[in-house]
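Me: Hey, can you walk me through this one? I'd like the overall picture and then a few details.

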Amino acid sequence: MQLQMRIVATVLAGVVADCCGVSAWEGAASARQPWGPNGLGVSVLEESKPKLPAGVLATLVQMREAIIARDKEAYMRLVVPGDGPMGDPIFRTEQSRWCDDWVKTPVGAISIEGTAANPPVGAGATARDDGLERVYADLKWIWRYPASEQQRTRPLGTQSLVRPKSVQFVGLFVRPRGGDDAAWRYGGEVWVTVEKPPAPQIGFAGGRVKFEPKFGADNEDAQGDEAVLAKVASIAGAALPEVRREVDAFFGVKLTCVQEIKFYRSMKHLQHSIWLSYADPLGGWNEPGESIKLMATGARPQRIKQLLAHEYAHVVTFTLGPKATDAPWWMLEGVAELASAPYRPEAKPRRDRQVGAWARQDNLAEWEHLAAFPLKPEHAKYMTHVYVQGEHMMAWLTTRFGEAARTKFVRALCNGASLDEASRAVFDSPWLALDVAWRQDVMLLGRDGAMPMDDVDEP
Ligand SMILES: [Zn+2]
């Protein structure tokens, strides 16, 4: 392995053109040609300049080809395994869901530019002797989607495409020392890791907080960023034992996993890490078996604890039953909001005012319209309702039936019960009757100076 100590060459992953790849780029050529000098996503490499190792470039090319071909199996063969010396089970799980998105919603065009990058400062990768070779690559992803459902049905290259999106970060490629060119695997972003070892005396199962490192002297802009990120990570690491204890207690469980957290510098990087098609603003993300992904929005401890508590509540909910991801979305978000409520004491009066105002304006959503993510286009106006109306209902049920019953209800939904089945089993009442009672109660909420709530975060 040879590490290039300066950024010296850029090669587009589309440099090896195949029939699919070239036609995909022809769509781009009709627009602003953001892809490369010839509009086909093929850049001319200056032969005199050093470049990424050929095997890494070939891996990049194959990654792009697999995305264009919507071949998840081929792509996942290029990703680090779930176990062994190169293993990263959490990243692999994240990549697997990331692939499902572009299989379901194919991109119209994509390029992955790979540039040799310096070894990271602070990630500690260079000091390890673990039998692996590593290459660091400054990766620039650029992708575009068909402009409409109708365009989606047209062949690649003939579609009208929306404005390109792009994101740039330093990625890791790894192989066993002495492996051949085909052995390089993509390991995702390079992170600085803050380990929080288990502390049995305080009942803490352990944690791992990751953030993006500074990369050598070339990336001086990132220095300030990194200081903030390091502070954010350190606050999150320090808060994790308390947040886990509080949220575990909220659900009456005790999880024993080492919880991984990833802090992203930018919203578009966080969105890219979830799905290429993900476009909604968000503060955090979690799915079963994945890290808690958070936006590094600042170093306010209260805000970090609030985001952590919300996302960790999702982690706990996903352990309550095998159908948790199919449970009503408003319940998943509502209960996560309620679990994080101790870290945002100002939210309850605002929530009550908002729900009361919606009730009097006849603007409460039907629960079935908040049940599935993403919302249908005609219900997109209810995005805030998912969180605020959902939290209010979960709080109302808690006041009426108690915390243990609330968790039983959540557990029933996470095991596949319908709303009505869970309601009858746990609250001894049809769901409809509870809904009617709740709607009557909330009519009276916050009558004094009802104010719209316009700054709800949607983690
Ligand atoms: Zn959430």
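This is a predicted model: local features need pLDDT of at least 70, side-chain atom pairs count only at pLDDT 80 or more; totals for chains, interfaces and linings use all residues.

Me: Okay, and how many helices and strands does the protein chain have?
Reply: There are 14 helices and ten strands. The chain has 459 residues, and 41% of them count as buried.

Me: Which residues of helix H7 are buried?
Reply: H7 covers residues 267-274, and Leu270, Gln271, His272 and Ser273 are buried there.

Me: And what covers them?
Reply: The cover includes helix H4 (89-104) plus several strands, among them E3 (132-144), E4 (165-176) and E8 (259-264).

Me: New topic: at what angle do H11 and H12 cross?
Reply: The axes of H11 (residues 383-401) and H12 (residues 403-414) cross at roughly 130° and come within 7 Å. That makes H11 oblique to H12.

Me: Which residues meet there?
Reply: From H11 you get Met394, Leu397, Thr398 and Phe401, and they meet Glu403, Ala405, Arg406 and Phe409 of H12. By class, that contact has five nonpolar, one polar and two charged residues.

Me: Last one: where is Ser340, and is Ser340 buried or exposed?
Reply: Ser340 sits in the loop between helix H9 (329-339) and helix H10 (347-360). Ser340 counts as buried because 25 other C-beta atoms lie within 10 Å, and the cut-off is 20 or more.

Me: What is Ser340 in contact with, leaving aside its neighbours within four places in sequence?
Reply: Gln306, Ala309, His310 and Ala313. Also, Ser340 and Glu246 are 94 residues apart in sequence, with their C-alpha atoms 8.9 Å apart in space.

Methods: Residues are numbered from 1 along each chain as its sequence is written. A residue is buried if 20 or more other C-beta atoms lie within 10 Å of its own, exposed if 12 or fewer, and partly exposed in between; C-beta atoms are placed from the backbone. Helices (H or I, at least four residues) and strands (E, at least two) are DSSP runs, numbered from the N terminus. Two residues are in contact if their C-beta atoms, placed from the backbone, lie within 7 Å. Axes are lines fitted to C-alpha atoms, for helices over the stretch in contact, and angles run from 0 to 180 degrees between N-to-C directions. Angles under 35 degrees count as roughly parallel, over 145 as roughly antiparallel, 65 to 115 as roughly perpendicular and the rest as oblique. Ala, Val, Leu, Ile, Met, Phe, Trp, Tyr, Cys and Pro count as nonpolar, Asp, Glu, Lys and Arg as charged, and the others, Gly among them, as polar.
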